[in-house]
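Welcome! Here is a short briefing to read alongside the sequence and the 3D view.

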Amino acid sequence: IALGLPWISIGIAEAALAFAISYAKERKLPPENRAIAEMQWVQFSVAEMSLRLEAARALAMRAAIATDQREPDFPVLQMQAKVVANEAAVAITTAAMELAGGSGYMRTHPIERYLRDAMSGPLMAWSPAVIRDFLGKALLGLQPPRP
């Protein structure tokens with residue numbers, strides 16, 4: 001279960017990024033009728049979403065490989081992957097919602113559901129605060145990592 005939790009958040013983040021890209025290409029603003037994708041802040045926002053998503057994917061994959069190979073630090077990597085993926089999903093869905101503006105809250109757009117789903121990730125066991133406490137102690141040698 002610990003290894004699967006990051007991938008739930010990654011899936012939500014992927015969906016939110018896909019929505020943001022599609023929305024930015026389709027949404028046109030008057031009077032020039034230009035897509036918001038042409039605005040620099042939108043380009044930067046989408047780029048940042050992509051960077052966060054790839055970092056979360058890389059750490060989740062590293063945790064999966066370490067778990068499969070039973071490396072000694074696999075429990076730490078699993079916890080790190082969960083926190084990073086949860087935080088990436090929340091940041092990406094929030095940025096996608098900002099990009100959509102007020103229309104993002106309408107049920108006709110899936111981003112309102114993605115945001116709710118992303119917010120649930122940090123609530124699943126263990127919470128980011130508990131993981132950070134545990135990781136800090138483990139990394140400082142105050143307690144051994146557990147599987």
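A residue is called buried when its relative accessible area is under 20%, exposed when it is over 50%, and partly exposed in between. By that scale, W126 is partly exposed, because its relative accessible area is 36%. Please keep in mind that this is a predicted model.

**Overall picture**

- The UniProt record, an unreviewed entry, places the feature "domain: Acyl-CoA dehydrogenase/oxidase C-terminal" at residues 7-139.
- Over residues 7-139 the chain is 74% helix and 3% strand, and the end C-alpha atoms of that stretch are 24 Å apart.

**The nonpolar cores**

- The largest nonpolar core has 35 residues, and F19, M49, I92, L99 and I111 are those with the most contacts inside it.
- Helices α1, α2, α3 and α4 each supply at least two residues of this core, with α3 giving the most, at 12 residues.
- Leaving aside residues up to four places away in sequence, F19 touches A96, A100, H109, P110, I111 and Y114.
- There is also a second, separate core of six residues, and among them are V76, V83, I131 and F134.

**Helix α4 and its buried face**

- Helix α4 covers residues 111-120, and I111, E112, Y114, L115 and A118 are buried in it.
- Looking down the axis of α4, these buried residues fall within an arc of 160 degrees, so they line one face of the helix.
- What do the buried residues of α4 pack against? Their partners are α1 (5-26) and α3 (74-100).
- Two of the residues that F19 touches, I111 and Y114, are on the list of buried residues in α4.

**Salt bridges**

- Side chains of opposite charge can pair when their charged atoms come close.
- The count of salt bridges in this model comes to 11.
- E38 and R34 meet through their side chains in one of these, at 2.8 Å from N to O. Both partners are partly exposed: E38 has 44% relative accessibility, and R34 has a relative accessible area of 43%.
- R62 forms a salt bridge with D73, and their closest N and O atoms are 3.9 Å apart. R62 lies in helix α2 (residues 40-68) and D73 in the loop between α2 and α3, so the pair ties together parts that are 11 residues apart in sequence.
- R62 is partly exposed at 35% relative accessible area, and D73 is partly exposed at 33%.
- The side chains of K137 and D133 also meet in a salt bridge, 3.2 Å from N to O. Both residues lie in helix α5 (residues 128-139), four residues apart, which is about one turn of the helix.
- An α-helix has 3.6 residues a turn, so residues three or four places apart point the same way.
- K137 is partly exposed, with a relative accessible area of 33%, and D133 is partly exposed too, with 43%.
- Salt bridges that share partners join E14, E54 and R57 into one network.

**Aromatic pairs**

- How many aromatic pairs does a search of the whole structure find? The search finds two.
- W126 and F134 form an edge-to-face pair, with 5.7 Å from centre to centre and 65 degrees between the planes.

Key: Residues numbered from 1 in each chain as written. Predicted model: local features only at pLDDT ≥ 70, side-chain atom pairs only at ≥ 80, totals over all residues. Heavy atoms only, no water. Buried < 20%, exposed > 50% of the residue type's maximum accessible area, 1.4 Å probe, protein only. Arc of directions from axis to C-beta. Contact = heavy atoms within 4.5 Å. UniProt positions renumbered as here; feature names shortened; annotations may be inferred. Salt bridge = Lys/Arg side-chain N within 4 Å of Asp/Glu carboxyl O. Core = buried A, V, L, I, M, F, W, Y, C linked by side-chain atoms within 4.5 Å. Phe/Tyr/Trp six-rings, centres within 6.5 Å; stacked < 30°, edge-to-face > 60°.
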